[in-house]
Amino acid sequence: MKNFEQLRDIDPMTTERSELVDIGTVKVNTDLPKAERLADYLEQIKNPYLFLCGGVVVHITYAETDATIEDRLEQFIRQRHNADNAHI
């Protein structure tokens with residue numbers, strides 16, 4: 001099995017769609033403890049960085065930063081609000 005760095009570096013342009021898992025087929029057993037749920041998810045999805053969603057190839061990358069998803073969402077909302085108000 002490939003490690004996370006190898007999975008992250010797979011090129012979505014050269015990957016066969018037939019090798020990708022559709023995330024809609026992944027069933028998370030919420031009765032399992034957190035660590036086992038994660039292991040089960042990873043076993044099912046095969047590559048958490050590159051998968052299908054409704055037939056669309058999804059390639060996820062993460063920036064090397066200390067910012068959280070909440071920080072980024074707040075920033076996005078603030079920028080959107082400022083852009084909307086700039087047209088007034």
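Select T15: leaving aside residues up to four places away in sequence, T15 touches I10, L20 and L50, where contact means heavy atoms within 4.5 Å. This is a predicted model, in which local features need pLDDT of at least 70, side-chain atom pairs count only at pLDDT 80 or more, and totals for chains, interfaces and linings use all residues. Residues are numbered from 1 along each chain as its sequence is written, and side-chain values use heavy atoms, with hydrogens and water left out.

Stay on T15. It is found in the loop between α1 and α2. Its relative accessible area is 17%, so T15 is buried; buried means under 20% relative accessible area, exposed over 50%, and partly exposed in between, with a 1.4 Å probe and protein chains only. Now show D11 as well: the side chain of T15 reaches the backbone oxygen of D11 at 2.8 Å.

Next, select N47. N47 sits in the loop between α2 (34–45) and β1 (50–53). N47 counts as buried because its relative accessibility is 6%. Not counting residues up to four places away in sequence, N47 touches L7 and I10. I10 is also touched by T15.

Then go to D31, in the loop between α1 (4–8) and α2. With 71% relative accessibility, D31 counts as exposed. Select A86 too and draw a C-alpha to C-alpha distance: D31 and A86 are 49 Å apart in space and 55 residues apart in sequence.

Finally, zoom out to the whole protein chain. It has three helices and two strands, where helices (H or I, at least four residues) and strands (E, at least two) are DSSP runs numbered from the N terminus. Read from the N terminus on, the order of elements is α-α-β-β-α. The protein chain is more spread out than a compact globule, because its radius of gyration is 17 Å, well over the 12 Å that the globule rule gives for 88 residues. That radius is taken over C-alpha atoms, and the rule is 2.2 Å times the number of residues to the power 0.38. Along its principal axes, the C-alpha trace spans about 55 × 35 × 25 Å. Of the 88 residues, 15% count as buried. Among contacts with a separation of 6 or more, 54% come from residues 24 or more positions apart.

Methods:
Polar contact = N/O pair within 3.5 Å; in protein donor to acceptor, adjacent residues only side chain to side chain.
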